[in-house]
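Please find below some notes on the model, written as numbered points. They begin with a loop and go on to the sheets and helices.

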Amino acid sequence: MSVTPQYDLMIIGAGVSGTALMYLTARYTDIGRIGVIEKYAAPARVNSLSSNNSQTLHCGDIETNYTLEKALAVQRAARMLANYCLSQPDKDHLIFKYPKMVLGVGEHECALLRDRFKVFGPHYPHLQLLDKKAIAAVEPAVATGMDGHLRDEEIVALGSTDEYTAVNFETLSRSFVRQAQAVDGKQVDIQYNETVLHIHKADDHFVVETDHTCYRTRALVVCAGGHSLKLAHYLGLGTHFSCLPVAGSYYFTPQLLNGKVYTVQNDKLPFAAIHGDPDVMIPGKTRFGPTALILPILERYNYRTLPDFLRVLRFDRNVAKVLWDLFKVSDIRNYMLKNMVFEIPFIRRLVFLRDARKIIPSLKLKQLSFATRFGGIRPQLIDKTQQKLLMGEAKINPGDGAIFNMTPSPGGTSCIDNAEKDMRTVAAHLGAAIDEAAFQAELVEPVPPTA
Ligand SMILES: Cc1cc2nc3c(=O)[nH]c(=O)nc-3n(C[C@H](O)[C@H](O)[C@H](O)COP(=O)(O)OP(=O)(O)OC[C@H]3O[C@@H](n4cnc5c(N)ncnc54)[C@H](O)[C@@H]3O)c2cc1C
């Protein structure tokens, strides 16, 4: 092992979370030496890769599983992300405008959306309540039944047509790296093809061992997906958590939708219902998904991460109880079984077709193909002490300068928001200053009216 390089802040993982923090600390703090370690040859090769997530800029208005409080927090996060993207010279590769809606089908879902509009409408000026004809004007295939006429059942949607709704989190990660390294007067390094194998604490700093080098750092933020938990365990942290990896797969059709069409969430299910939308990288197609399948790996299609999964599962009777409690609910049990079938060649298209027809009733089997090697893994945590499956992002912050992030959806949207929290914690730990005026003016203020 070579001589020890020293940093003020080290970030492990160059997905959208790690690179957002790299940018924020380089641009808005006076932290002088920032180092990033990434095990692959480029940023964003795992969940932030454009093919591995749904590319949605979640604003909270059409996500029916969000409370108003959660929605407004996500709205602020989305606004910061949009502000960053729109100020970049390559903004057309980062952020995209498509119509979006959440579709209610049948009396119950339509009533739910009408009620939601009353509560959420005042906070979302672009949000509209769309009846069948208004839906048809935006998404003809959604409003049309099998017979080519307007579909018979009651449908209503909440949506908007002139907002930024999609982000390529992969190009965004590359943009963060470029902009961080362009800041003058700082040492901002990124090492690719280096895997962090172990972390330990020595006096007032952390020692980060990779397969090449042994680094010392005063502060450490780990943004390594499910692997964050494994690295936290080396410091004796987060041992009351277990990680449940939930894979999401997708299906393609020819282009049948103009924008993003989400469906109403079944509130008994812990995972978002499927949606259909354009893929920002694949013109002429509509992508449906994601499904939700528990898999014993930490990275999709990478079975070498099986031993890491076993390490972070830490299976015991508390984990068994959480899984059993989930399995006992018939909606969840049926959903889990259905999601297994979604992965079985030949029959999976037939089963998925039934779900996708809620969005497009005239969809045909021959139009549907499984999106091979698309989809990532959401590292959902189980809190063993509370015997509970945690939804959303999780952070382990013992207050000694080390932070460990696990970021399932909407972790792409909240990358700057999450990085802001970490920047503040790290700056306080290091005694560093934050340029609050620049941060407010560039990221927090409302989106400028650029086209
Ligand atoms: C199916 C699916 C759909 C989603 N859809 C959306 C969506 O529409 N909108 C949204 O906002 N969010 C969405 N998300 C969530 C979003 O994709 C993730 O929250 C986000 O990409 C997480 O970024 P990250 O940087 O934390 O993790 P990752 O992108 O997974 O990056 C982790 C990085 O750490 C590196 N790493 C791991 N271990 C080590 C190690 N030991 N040493 C060095 N490097 C290491 C990895 O190589 C990787 O580059 C979705 C997620 C999934 C799975």
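**Notes on the predicted model**

1. Asp203 sits in the loop between S9 and strand S10 (205-210). Helices (H or I, at least four residues) and strands (E, at least two) are DSSP runs, numbered from the N terminus. Although Asp203 is not a glycine, its phi is positive, at about 55°. Asp203 counts as exposed because it has 7 C-beta neighbours inside 10 Å. The cut-offs are 20 or more other C-beta atoms within 10 Å for buried, 12 or fewer for exposed, and partly exposed in between, with C-beta atoms placed from the backbone.

2. The model is predicted: local features need pLDDT of at least 70, side-chain atom pairs count only at pLDDT 80 or more, and totals for chains, interfaces and linings use all residues. Residues are numbered from 1 along each chain as its sequence is written.

3. Asn193 belongs to the loop between strand S8 (187-191) and strand S9 (196-202). Phi of Asn193 is positive, near 60°, and the residue is not a glycine. Asn193 has 13 C-beta neighbours inside 10 Å and therefore counts as partly exposed. Most residues other than glycine have a negative phi, and most peptide bonds are trans.

4. Which peptide bond is cis? The bond from Gly289 to Pro290 is, with omega near -10°. Pro290 is in the loop between strand S16 (282-289) and strand S17 (293-294).

5. An open sheet of four strands runs in the order S17-S12-S19-S20, with antiparallel pairing. S17 and strand S20 (388-390) are at the edges with a single partner strand each, so one side of each has no neighbour in the sheet. Pairing here requires that DSSP finds at least two bridges between two strands. Strands of a sheet pair through backbone hydrogen bonds, either parallel or antiparallel.

6. Within that sheet, strand S12 (residues 241-247) and S19 run antiparallel and are joined by seven bridges. Ala247 has Ile377 in S19 as its bridge partner. Strand S19 (residues 377-383) also pairs with S20 in the antiparallel sense, over three bridges. Asp383 has Lys388 in S20 as its bridge partner, and Leu381 stands opposite Leu390 in S20. The hairpin of S19 and S20 has four residues between the strands, and Gln387 takes a positive phi near 50° in this hairpin. How much of S19 is covered? S19 is mostly covered, with six of its seven residues buried.

7. Another open sheet has eight strands in the order S5-S6-S4-S14-S15-S16-S13-S18, and its pairing is mixed. Strand S5 (128-130) and strand S18 (369-370) stand at the edges; each has a single partner strand, so one side of each is left without a neighbour in the sheet. Helix H3 (residues 107-120) packs on the sheet and touches strand S4 (100-105), S5 and strand S6 (155-160). The direction of H3 makes about 35° with that of S6. Strand S14 (residues 260-263) pairs with strand S15 (residues 275-279) in the antiparallel sense over two bridges, and Tyr262 stands opposite His275 in S15.

8. Helix H7 (residues 227-234) packs with helix H8 (residues 306-313) at an angle of about 60°, and their axes are 9 Å apart. That makes H7 oblique to H8. Angles under 35 degrees count as roughly parallel, over 145 as roughly antiparallel, 65 to 115 as roughly perpendicular and the rest as oblique. Axes are lines fitted to C-alpha atoms, for helices over the stretch in contact, and angles run from 0 to 180 degrees between N-to-C directions.

9. In the contact of these helices, His227, Leu229 and Lys230 in H7 meet Asp308, Arg311 and Val312 in H8. By class, the contact of H7 with H8 has two nonpolar, one polar and three charged residues. Ala, Val, Leu, Ile, Met, Phe, Trp, Tyr, Cys and Pro count as nonpolar, Asp, Glu, Lys and Arg as charged, and the others, Gly among them, as polar. Residues are in contact if their C-beta atoms, placed from the backbone, lie within 7 Å.

10. Arg27 is part of helix H1 (residues 16-28). Is Arg27 buried or exposed? Arg27 is buried, because 21 other C-beta atoms lie within 10 Å. Not counting residues up to four places away in sequence, Arg27 touches Gln179, Ala180 and Val183.

Terms used:
Contact = placed C-beta atoms within 7 Å.
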